[in-house]
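Trainee: I've got a structure open and I'd like to learn how to read it. Can we go feature by feature?

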Amino acid sequence: MRAAVEAVLPWLAGESDQPSRPALAAAVRLTLRTLEQIAPGRSVEVRVPPFAAVQCVAGPRHTRGTPPNVIETDPRTWLELAVGRLAWTAAVDAARVTASGSRADLSTLLPVLRF
């Protein structure tokens, strides 16, 4: 995961163009998998289209339809959150993240990787 995220750090810092789709997808997927491991469960769905969606956070399990606790954001915002370059509250306040439901708060779980 560290190597995949390191490959996109210059882009996150505004020092290079957007990385290739496979590089971006790898960084997003691997950091989301790490979130799953840090906070196992199925009460919150985190979506980063078009690359991945995971269920995490302990609590009531959701099995059909739209989950009651959903977080959605774009790949850049997710990676900024994942590496600690963007605070959860700042992302939500700036509408870079949509979070619905009483459990849809990842502030205590982020960042998942520090540089």
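Trainee: Which side chain makes a polar contact with the side chain of threonine 77?

Mentor: Keep in mind that this is a predicted model. For a polar contact, look for a pair of N or O atoms within 3.5 Å. Here the side chain of threonine 77 pairs with the side chain of arginine 96, at 3.1 Å.

Trainee: Where is threonine 77 placed, and is it buried or exposed?

Mentor: It belongs to helix α4, residues 75-82. Buried means under 20% relative accessible area; threonine 77 has 1% relative accessibility, so it counts as buried. Setting aside neighbours within four places in sequence, threonine 77 touches Leu86, Ala91, Arg96 and Val97.

Trainee: And which residues have the most contacts inside the largest nonpolar core?

Mentor: General idea: in soluble globular proteins, nonpolar side chains tend to be buried together. In this model the largest such core has 36 residues, and Leu32, Leu35, Val46, Trp78, Leu79 and Leu106 have the most contacts inside it. The element that gives the most to this core is α3, with six residues. Tryptophan 78 is in contact with Val28, Thr31, Leu32 and Leu35, among others beyond four places in sequence.

Trainee: What span should α3 have?

Mentor: Count 1.5 Å a residue: the 18 residues of α3 should span 26 Å, and the end C-alpha atoms are 26 Å apart, so the two agree.

Trainee: Which elements do the buried residues of α3 pack against?

Mentor: Those residues, including Leu24, Ala25 and Val28, pack against α1, α2, β1, β2 and α4.

Notes: Residues are numbered from 1 along each chain as its sequence is written. This is a predicted model: local features need pLDDT of at least 70, side-chain atom pairs count only at pLDDT 80 or more; totals for chains, interfaces and linings use all residues. Side-chain values use heavy atoms; hydrogens and water are left out. Helices (H or I, at least four residues) and strands (E, at least two) are DSSP runs, numbered from the N terminus. Buried means under 20% relative accessible area, exposed over 50%, partly exposed in between (1.4 Å probe, protein chains only). A polar contact is a pair of N or O atoms within 3.5 Å; within protein, one must be able to donate a hydrogen and the other to accept it, and residues adjacent in sequence count only if both atoms are side-chain atoms. Contact means heavy atoms within 4.5 Å. A nonpolar core is a set of buried Ala, Val, Leu, Ile, Met, Phe, Trp, Tyr and Cys residues joined through side-chain atoms within 4.5 Å. The expected span of a helix is 1.5 Å times one less than its number of residues.
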